[in-house]
Amino acid sequence: MAHKNKIRGNNLEREIVNESKEEGLSAKRAYASDGRSLGKSEVVDVMVEDYCIQAKRRKRIAEWLYPENHGDDVDIVVTRMDRKEALAVIPLKEWLRLIKIERDNNDDRNE
């Protein structure tokens, strides 16, 4: 039987694919969580449109990665480790909405 953490990771990958498809986006999970099956690096777990995603699920992550509970005042958390690139942490549904807008705008330009 698969290890519990592997199962949880696979479930996150499926969740990303399913939510993407619900938004009308193309999405595919890499076979055995190995991006080489998609022609990408081995660390790629999921592709949404042309974006490569490495999915990480943990029982607990740093609380500060989530916006402080002030209603709808904060949409995105941006963080950066010293000497590294800044990262934006946004809810998956919001990211999918932005990708859909980008795709639709590109489709309009190509017509």
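These are my notebook entries on a predicted model of one protein chain.

**Entry 1: the chain as a whole**

I began with the elements. I found two helices and five strands in the chain. Read from the N terminus, their order is α-β-β-β-β-β-α. I then took the box along the principal axes, and the C-alpha atoms fill roughly 45 × 40 × 30 Å. For burial, I noted that 23% of the 111 residues are buried. I also looked up how far contacts reach along the sequence. Of those between residues at least 6 apart, 36% join residues at least 24 apart.

**Entry 2: H1 against H2**

Next I looked up how the two helices meet. H1 and H2 pack with their axes 10 Å apart, at an angle of about 45 degrees. On the H1 side I listed Ile 16, Glu 19 and Ser 20 as making the contact, and on the H2 side Leu 92, Lys 93 and Leu 96. By class, the residues of this contact are three nonpolar, one polar and two charged.

**Entry 3: Glu 19**

Glu 19 sits in helix H1, which spans residues 4–22. Is Glu 19 buried or exposed? Its relative accessible area is 16%, under the 20% cut-off, so I recorded Glu 19 as buried. Setting aside neighbours within four places in sequence, I found Glu 19 in contact with Leu 92, Lys 93 and Leu 96.

**Entry 4: Asp 108**

I then moved along helix H2 to Asp 108, which lies in that helix. With a relative accessible area of 52%, over the 50% cut-off, Asp 108 counts as exposed. I took its C-alpha to C-alpha distance to Leu 92 as well: 24 Å in space, for 16 residues in sequence.

**Entry 5: aromatic pairs**

Last, I searched for aromatic pairs. How many does the whole structure hold? The search returned one.

Note on methods. Residues numbered from 1 in each chain as written. Predicted model: local features only at pLDDT ≥ 70, side-chain atom pairs only at ≥ 80, totals over all residues. Heavy atoms only, no water. Phe/Tyr/Trp six-rings, centres within 6.5 Å; stacked < 30°, edge-to-face > 60°. Helix = DSSP H or I, 4+ residues; strand = E, 2+ residues; numbered from the N terminus. Buried < 20%, exposed > 50% of the residue type's maximum accessible area, 1.4 Å probe, protein only. Contact = heavy atoms within 4.5 Å. Axes fitted to C-alpha atoms, helices over the stretch in contact; angles between N-to-C directions. Nonpolar A, V, L, I, M, F, W, Y, C, P; charged D, E, K, R; others polar.
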